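Keep the structure open beside you as you go.

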Amino acid sequence: MRNHIYSVEPENNNEYTQKYNQAYSRFAGIYDWAVKILPVWRNWISTATPHILGPDVLEVSFGTGYLISQYASQFNTYGIDYNWELACIARQNLQKSCVQAELQQADVEYLPYPTGTFDTVVNTMAFTGYPDGRKALTEIYRVLKPNGRFVLVDIDYPHNQNHLGVYATRLWASLGDIIRDMAALFKQSGFDFTDQEIGGFGSVHLYIANKQVSSES
């Protein structure tokens with residue numbers, strides 16, 4: 001039985017978003033450098049790539065573009081990120097890698113795409129930074145095609161409640177991440193999903209969530 005204490009979402013969504021947007025702007029260059037040299041981080045987010053289905057793929061919150069550069073040449077690839085500085089660095093990184101993707105600055109809560117556009121939406125180590133998880137997931141669900149797939153790598157409590165994993169999860173929360181009961185959120189939003197622990201003593205999870213299609217539709 002779970003006895004985890006999940007985060008309370010912020011009362012002021014805009015204030016929360018702007019706070020972290022300013023932090024990413026200040027440390028965009030350091031963040032890019034860290035992702036490139038830290039093998040553990042790269043290994044975590046790279047677990048998403050084998051589960052991507054095409055031809056049309058969207059990465060939400062692509063950061064400085066490390067992951068999107070690994071698969072973009074295989075698909076019709078699009079990406080959005082809220083932070084302007086990260087988006088600029090990502091464009092430079094893709095250009096250096098001779099990889100093409102259509103990147104733009106945008107908000108996950110207001111994705112600038114028609115309903116049913118993508119076969120897969122990818123999101124790695126960013127969902128816990130959104131102030132309204134249900135609204136973000138609703139938008140992701142909207143832009144997916146029928147039977148489309150959401151591939152998510154992020155933080156949640158370990159299944160076996162081991163002390164190191166629980167401590168690691170609480171450490172992420174203390175740094176400002178919003179830790180949610182993703183199983184409940186997926187069910188509420190209309191996704192079938194699998195949940196695999198991939199690191200951090202069980203605190204880092206890979207979710208493969210498939211958009212359910214009503215038999216009446």
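Predicted model: local features only at pLDDT ≥ 70, side-chain atom pairs only at ≥ 80, totals over all residues.

**Exercise 1.** Is Asp32 buried or exposed?

Residues are numbered from 1 along each chain as its sequence is written, and side-chain values use heavy atoms, with hydrogens and water left out.

*Solution.* Start with the cut-offs: buried means under 20% relative accessible area, exposed over 50%, and partly exposed in between (1.4 Å probe, protein chains only). Asp32 has a relative accessible area of 11%, so this residue is buried.

**Exercise 2.** Find the salt bridge between Asp32 and Lys36, and work out how the two residues are placed.

*Solution.* A salt bridge needs a side-chain nitrogen of Lys or Arg within 4 Å of a carboxyl oxygen of Asp or Glu. Here the N to O distance is 3.2 Å. Next, look at helix α2 (residues 28-37): Asp32 and Lys36 are four residues apart there, so about one helical turn separates them. (Helices are DSSP runs of H or I, at least four residues, and strands are runs of E, at least two, numbered from the N terminus.) Finally, Lys36 is partly exposed at 41% relative accessibility.

**Exercise 3.** Which parts of the chain does the salt bridge of Lys135 and Glu109 link?

*Solution.* First, the side chains meet at 3.8 Å, N to O. Lys135 belongs to helix α6 (residues 133-143), while Glu109 sits in the loop between β3 (102-105) and β4 (118-124), 26 residues apart. Then check accessibility: Lys135 is partly exposed at 32%, whereas Glu109 is buried at 11%.
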